[in-house]
Amino acid sequence: MKVVVLLMFVLLWSGIKAQNRVFPIELQLLEKYVIEERCDIRELRNKGDYFVGLDVANQNIYAFSKDFKALKKMGGKGNGPGEYSRITGFDVRNDSIWVIDGIKKKFILTNTERKGLSTRELSGFVRNGIVFNGNMVYQNTLTASNDFLFTFYNQQGVKQVWDIQNLIKEEFGEGISYIYQGNMCADDEYAVYYCRYSPYFFCFDKNGFKYAQKSIIPVKPPKGTVVKNSMFESVKLTHEYPVQTYGCIYKDDLFLLSKLIFSGEDPNYFTVDVYDVSLGKYKYSLKVPAKNADNFFVMAFLVDRDFLYVLYEDAEIQKFKMQKNG
């Protein structure tokens, strides 16, 4: 009996310990850049030799050099060739530009010279979307009673639809609120939808839905607490988890940023949790400096080899070297 009790204690302790964040890597500030173009970049993606960014205010897609000089500006707001109403998801690969336009309800393929190549009509109200190597995932609403659908198309035209509310029930046996508010990130192999107010993320590859996973969130304020999230919005929690705000994927790693301001958390930092994107397994965490204690607004971030780039609200980008402690 004592052995059974001891074994249960060890298993319980292991489960608790596994949920603790580990911080084996320090960030050393190397460079600061300023985006000189007047734009409102809210998403950055690593394309190898260059970076691309989505300017949500002007519906432009920028190609940036590694020191964030604008190499090319594509798109623009409007109804003409290569212009968009609201870019919900995008990707750039060689001379091809894929865009999900949430207002026009279209999946549009053009080239860098604004020549239209193909268009696919989308159904429902398009909330969030992402494109990765020609594959598309978007979250949409078909009826007033169903607000939780994922629709997927691959390059061969295969279409699949998932109800993400049912996925949560099937995978975790839980009902959940706020899963409709989230963001997406991608590289050329994977796309991930991560809920803002819930500890879930959903992974897709070229074959469609791959898995649903819980993110590691060790800090748990009491249910019903009113807190401020990373956009300084007051949120009354119906669960016990911080807000997941931004994400990016680089090679085999998924990076998810989370932030809450409440008693006991250091306002000078936010946390980026890193996962094995193919398996959804937690690997380690990073403490990323806020701009300052009063204004830590982050608009986007990306990873490149051993470096982390963080874009702040004032268009300043800070480049950090990721190095092991000690």
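The legends below describe close-up views of pockets and nonpolar cores in a predicted model. Residues are numbered from 1 along each chain as its sequence is written, and side-chain values use heavy atoms, with hydrogens and water left out. Local features need pLDDT of at least 70 and side-chain atom pairs pLDDT 80 or more, whereas totals for chains, interfaces and linings use all residues.

**View 1. Largest pocket, with about 760 Å³ of space.** A pocket is an open set of points on a 1 Å grid over the protein atoms alone where a 1.4 Å probe fits, with protein on both sides within 12 Å along at least five of seven lines; lining residues have an atom within 4 Å of a point. Of the 33 lining residues, Arg42, Glu43, Asn128, Gly182 and Asn183 lie nearest the centre. Strands (DSSP E runs of at least two residues) that give two or more residues to this lining include β10 (125–132) and β14 (182–186). The lining has 17 nonpolar, nine polar (Gly among them) and seven charged residues.

**View 2. Second largest pocket, with about 450 Å³ of space.** Its lining has 23 residues, and Asn46, Lys47, Gly48, Asp188 and Tyr250 are nearest its centre. At least two lining residues come from each of β2, β6, β20 and β24.

**View 3. Largest nonpolar core, with 49 residues.** Such a core joins buried (under 20% relative accessible area, 1.4 Å probe, protein chains only) Ala, Val, Leu, Ile, Met, Phe, Trp, Tyr and Cys residues through side-chain atoms within 4.5 Å. Val192, Leu254 and Leu308 are among those with the most contacts inside this core. β24 gives the most to this core, six residues.

Conventions:
Grid points are joined across faces, edges and corners, and a volume is the space filled by probe spheres set on the points. Helices (H or I, at least four residues) and strands (E, at least two) are DSSP runs, numbered from the N terminus. Buried means under 20% relative accessible area, exposed over 50%, partly exposed in between (1.4 Å probe, protein chains only).
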